[in-house]
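Student: I have a new protein model open and would like to learn how to read it. Could you walk me through a few features?

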Amino acid sequence: MNVVKRKIFVLCVAVLVILAFSVSHEAMAAITYNSAGALAYSASGGTSVAPAYPASIAAGDLLVLVIGMKPSTANGGSVTTPGGWTPITSLTGAGGYGVTLGADTGNTNVFTFYKVAAGTESGSLTVTIATNGVSWGQIYRLSNATGSWDIAGATGSDIVGNTTVSIAMGTNPGVTAGDYILGAMVIPTDVTTPAQFSVEALTQTGITFGAVTETSEPDSTTGNDIGGVTYRAAVSSGTASAAPTFTATAGGTVTNVRGPGVFIRVRETIVPTVTVSKTAGAKITTRNSGDTSQYAHDTTCTGASTCAAFTLSINTGSDTVTSVKVTETGTVNASNDLSNLTLYYDTDGNWADAGAETQYGTVASFTSEAATVSGSLAVSSGNTYYFYVRFDVKSGTPTYPAGGTGIDFQIAANGDVTVSGGTGISGAPQTLTAAGSTCATTAQICVKPQVTGYTNSTEGGLTYSGGCSGCGARIGPGSAFRHAIVIDGYGFGSDPGLGSRDTATNKVEIAGGATTMLADDGSGNTNVSAWSNTQITIRTDTNITGNADTDFGANFGDSAALRVTAGSQAVASDLPFYIFPQVTSITNCNSGGFPAGAFAREYNAGDAACPNGLTDGQIELNGTRFGSGSSGGWVQLLGCDVTTCTTPSGSVTIDSWSNTLVRVRVPTIIGDSNYTGNIEIQQGAGSNNKRHIYSGTLRVLPRIISNTPANGIVGDTIQILGDHFCQTGTCPVSPNRSSSADNVKFGSTQALDADFLAQTGGPGACNGSGAAWNHGEICVKVPSGTPTGSQPTLVTSNTTYTSNTIVFTRDSTVPSSPASLAQYLDDGVTSISIGGAGTSTVELAANITGSVSVPTKLNVEVKVIGTAFDGIVTATSTSNCTGTCNNTQVTVSGLSNASSYHWRARVINTNTYETSAWVAFGANPAGDGSTDGSPANIDLTVDTVGPSFTTGPCAVSPTASSCDASSPTDIQAQVRWVTDESANEQIAWGTSCPTGQASASATFTALANKQPASPTGSGTTHAQVISGLTAATTYYYMARSVDALSNVSYYPSSANSCNTFTTVAATTRIMKTSEFFIQQATTTSQAQAFPKTFDIFLAESNTSRDNVTFDSIILDISGTARGDGSGDITIAANVNGTGAVSYTLSDPGSDKSVNWHIAHPVSSLNYDCPSCSDTSNTLDVTVTGATAGTVTRAKAIITYHYTP
Amino acid sequence: MQISEPKNITSSVGGKSRSLKIFVAGGVLFVAVFFGAAFYLGWFSGGEPEKEPKERIIRDTVEIPHLTAIRGDEALYLAHSPNPIPIVPAKAQGITVEGAEQTIRGAYDIAVPKAKQWSADAKLIFIKSLGSIGPDGKSSHWEFTFGSKEKKKGFFAIVRGSVVVSEGEANTEKYGYDLPKNWYDSPDAIASLFGLPQFASSMITAMSFHYNQDDKKWNYAIGTSRGNVSMVVK
């Protein structure tokens, strides 16, 4: 853009600005012409004229008075301005007549006045006139909206009488669009017709007039006559730049239609006024006491309909607002409790649009409930200025308004707004639109109390800090455990008074899962102990009625819970307030000797209950707010849960859980050397899972878990296992292990320091490593002097702390009585029955039962029957027995043959020579046998002699049953003998008797044949059949029997001595084989028609049936069977009921048949013979595993020999 | 200890004439019906009929000990009274322990001048009740033990009612401890229990005030029918 263009552009802009400015200041009013009053004429030469007022005059209307005058003296005449009227303009002596004055001729005058109507005008206005020939007068009424008018006039005259009326006004009165024009012309003649003037028109450079309307044509013949015309016209547009001209057409006689004219410009003028008003938007409903820079409106509002604001507007022009006084009209004491009133303004009424809200003037303080803000704001018409109120809900003192009070703002009077330009102020009073709050005065902004924080003066760690989750309080049973919380804030109001701090109007509540009001019982222990406008002190004592733990119910506080209500107004925002658990006391086992307090042992399921139902491994946590159940909660003891102490994430075992009581078990996971520590709880079900560490300390007392062994004798080493044996944290060492502070007792016997055994290389269970006394193990001997019987162990550590007791039995060193007494031959194995025979040396035995670790032996006392026990030990076992030794034997020798004995036994401690009671053996009376008197009950009889041959030996027929007269056969002989006692048997024979033998035994051995090969049998009757002998031969034989005690007898008993027999001459024998068929089965079913009876007849047999000998018997059995496809087929044969023998066939398959054939051997059959008594046999055959079958054939095939 | 029999206000009517008996019986019946109805209707207690508390007087017969040695942990082992008294005050109404004039702190104020007279540096080792104790925290007998570091000795004092009835020096290796700043009294300690439902029906049998070596804090131990309860005095 070059310079020229730039200049043109700037010029254009300037012109536009000027035009805009001029337009903005143009009176844009609307003027209404209403009516004209009736014309009035003066009397000829009269001194007044009284035109009528127009009808319906209202205040503010503009009345314009026009007086036309034909003076009584040429160029004379005047009008006195009526009272209350203002001259506009006038012109006298006009018409161009000079001094001529006569009827219908001569110069005339025109006078104009105006008045802003008071509204009271009526009737007519008498106007004083002078030098008057005749005058007319008329009043016109115009109106506008403002009642403000600007009037100007111009005059001119037409000095030529013709049909063309033309009056060029001498000046331009300043005509512009919107103006209204009233005009008139006075002529010295009466009008010739009622419409002498026509086509009235106005012209003026720059102006477009509306239609020119003739208003009236004054016309009077009074005096020298007078006439004229009045007209009116609106100014349509434009702005005049030259004087106007009135033209009209005159009719009739136009000679004297000339004279003065007047041009009255009427303009509605606007009186600059600043109007005070307000928006429709309602005030904010609440503000928090103590808050600063608070607005009376909702800062989210977006327009005048929602934004509460005062408005100022100027109806025209501009002015500068220099101060605004805002009066607080609510119930709050603003002078005391509010401050820093600040006004902001914008011109769109929209606060939230981030527009140009600008602070107006200074920040003002309240005095006498009002604050005046001084500033400078140019206001101009066409704009509305929205004034927003901001204030501090506190004073600078500081003081704070109480909750429930109301705040309202008002521009109370027009004078409360001042402007520098003097513009009038109207519209006041204006009060910001009602808030609709919850205050008693609902139209006002309600002040709410505000809690800004609190201090837990009992447990500082629970003091509030912004957004805290670890703040609040614990509630305590009784004054000793309550918490005191000082609540800071504003607007709590004055103290309602002790006993009245828990009403609906004023109260403190904890609103969590439920809402609990802190109770003020009016006592010194009240839970609301102090109340001021800025501070309230509450307590949490559950002993106050209404605040019991159960009253809190499910209330555990939460992130918005602490609420103060003052003046019936609750705080807008509750502060975080959590109700924490509190462990106030610990209950433990109340067994006698168990210390009262937070003491317990690690839990052991085997513990007996204490009188109060706890065990020494359980404790109860008493307190408050633990939660309704264990879900989500836990208890940790010494930093341990049930499984770990390293990173505990769970709980120790919970036995029961309620809101005020939790019973737990002390976990065994606690380190044996960890003695004291915390009791910590996390709230359970329904809570916020807050925690508490009990202010005291839990001590884990010593616990003995086991004694190994659990019994013993003095000097035995006992391993005491357990935990927490060193309550000082340091385990006692020599020589301090048997002090009053630290000791181990067996019953009431305290182990000496020397009784403790370092575990290094220690005996038994104490063979580990380390000192004798550890946190979890003590190795100690059973101290000397410990009585026998139950002596439970007890560990005392650090004087006060004692363990549980665990069973220990100090065993007696008196041995237990022997049991299971037995007597044996000298082999120690062969038992001698009670009363049985024994050798001269016997082994007497018994079981030694050793519950104690002492060396023992077995004593026996053996007495001959008839001699009572006298306690003198006959014999003792050779080796010491330690513990249990079954079948401990004592060798007793030198017993007399044929003597009978009884005996008893006892166990002797070879260390102490303590003995058990005697126990008698056998059939003697129970006990030690000492009451036998002269016992007749024989335990054993000594037998050292072999059996005697009372009959035989003899050699007889093989079939003989005694040493009868029979003789051996040709091939067989039977040797028989009888002994006097049970013995076995064996014979030896040969064809010669040995010689040179040293003994009968050697002779027996030397014989060539032995039968049986080894001695067999028992009893007193003995027989041996010798076969395979040679006929007609002499044989030498001996018999040998050995009794049960191995006593041997030979017969003959001398060395090289034998008995003899001779076989007879050889005898003839014949062999045969015969077959005997057996009836076959008669059915094919498995239910065979068996057993079958069959007979055998041997014709060679004598009636004694002793000349026939079976060599072979075979039953030949055949049949068929149909397989069932499932398993083998079994054929079972049973002859004479001696027992079935089974034969197995493979299953040929379902419904397949198989022929079977078996050869079933038996050893003998019954048979008939001539003259013999009848006898028979049975054969039973069963088939199983077949669906069908039959026996098709059976026969017995017998081979035998006989002696003819 | 001895317990007096409940006062029997009707026992004196045994020798009256029959008519008088009938009259008295009728009067008693009328009064019983009247008061029964009144209680039932809640004239006296908001609608909940209540039992008239029985009057009972407990007379403790305590063998006054003369200590020769003070181990220091004796207070962990409470001297339970054979006369349990309800913990909840309302339930203990009508029960009077004769001579139970002092709370622990009250009795301490009586005993401590004796201890200070014995040794200016005397410090408390423990206190334990020897007699019955009620929910008001008062017992007829309190046993006090003190220690003197300077004397390397202990001192005991037995307060019966409001009088020291026995005192003397004893051997000890405990020389006492500084008292807690917030030493709430025995009634406050008991009050911490009767607000808890688990103690609603419990009886109190003994009390002690002792120093816990583990947490270096004074503790109350209260013997109750629910067991021994301990609490810390911070």
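Tutor: Gladly! Let us begin with the idea of a nonpolar core: a set of buried Ala, Val, Leu, Ile, Met, Phe, Trp, Tyr and Cys residues joined through side-chain atoms within 4.5 Å. Keep in mind that this is a predicted model.

Student: How many residues does the largest nonpolar core have, and which of them have the most contacts inside it?

Tutor: The largest core here holds 44 residues, and F144(B), F146(B) and Y220(B) have the most contacts inside it. Two or more residues come from each of these elements of chain B: α2 (104-118), β6 (123-129), β7 (141-148), β8 (153-160), α3 (186-194), β10 (203-212), β11 (217-224) and β12 (227-233). The largest share, seven residues, is given by α2(B).

Student: What does F146(B) touch?

Tutor: Leaving out residues up to four places away in sequence, F146(B) touches a list of residues including I70(B), Y108(B), A111(B), V112(B), L124(B), I125(B) and F155(B). Apart from this core lies another, of 37 residues, among them V274(A), V379(A), Y385(A) and V419(A).

Student: What does chain B look like as a whole, in helices and strands?

Tutor: Chain B has three helices and 12 strands. Of its 234 residues, 48% count as buried. Among contacts in chain B with a separation of 6 or more, 66% are between residues 24 or more positions apart. The chain exposes about 11600 Å², with 55% of that supplied by carbon and sulfur atoms.

Student: Now a single residue. Is S803(A) buried or exposed?

Tutor: Buried means under 20% relative accessible area. S803(A) has 4% relative accessibility, so S803(A) counts as buried. You will find S803(A) in the loop between β65 (801-802) and β66 (809-810) of chain A. Beyond its neighbours within four places in sequence, S803(A) is in contact with R601(A), P702(A), R703(A), I704(A), L794(A) and V795(A).

Student: Why is the pair of Y1035(A) and F1061(A) called stacked?

Tutor: Their ring centres are 5.4 Å apart and their planes lie at 25°, so the pair is stacked. Y1035(A) belongs to strand β82 and F1061(A) to strand β84, so the pair ties together parts 26 residues apart in sequence. Both residues, Y1035(A) and F1061(A), are buried.

Student: Where do the charged ends of K690(A) and R226(B) sit?

Tutor: The charged end of K690(A) sits over the ring of Y578(A), 4.2 Å from its centre. For R226(B), the charged end is over the ring of F199(B), 5.7 Å from the ring centre.

Student: And how should I read a sheet?

Tutor: Strands of a sheet pair through backbone hydrogen bonds, either parallel or antiparallel. In chain A, one open sheet of three strands runs in the order β58-β66-β63, with mixed pairing. β58 (711-712) and β63 (789-790) stand at the edges with a single partner strand each, so one side of each is left without a neighbour in the sheet. β63(A) and β66(A) pair in the antiparallel sense over two bridges, and the bridge partner of S790(A) in β66(A) is T809(A).

Technical notes: Residues are numbered from 1 along each chain as its sequence is written. Chains are lettered from A and ligands numbered from 1 in the order in which they are written. This is a predicted model: local features need pLDDT of at least 70, side-chain atom pairs count only at pLDDT 80 or more; totals for chains, interfaces and linings use all residues. Side-chain values use heavy atoms; hydrogens and water are left out. Buried means under 20% relative accessible area, exposed over 50%, partly exposed in between (1.4 Å probe, protein chains only). Helices (H or I, at least four residues) and strands (E, at least two) are DSSP runs, numbered from the N terminus. Contact means heavy atoms within 4.5 Å. Rings of Phe, Tyr and Trp (its six-membered ring) pair if their centres lie within 6.5 Å; planes under 30 degrees apart count as stacked, over 60 as edge-to-face and the rest as tilted. A charge sits over a ring if NZ of Lys or CZ of Arg is within 6 Å of the ring centre and within 35 degrees of the ring normal. Accessible areas come from the Shrake-Rupley method with a 1.4 Å probe; for residues, only the protein chains shown count as cover. Two strands pair if DSSP finds at least two bridges between them.
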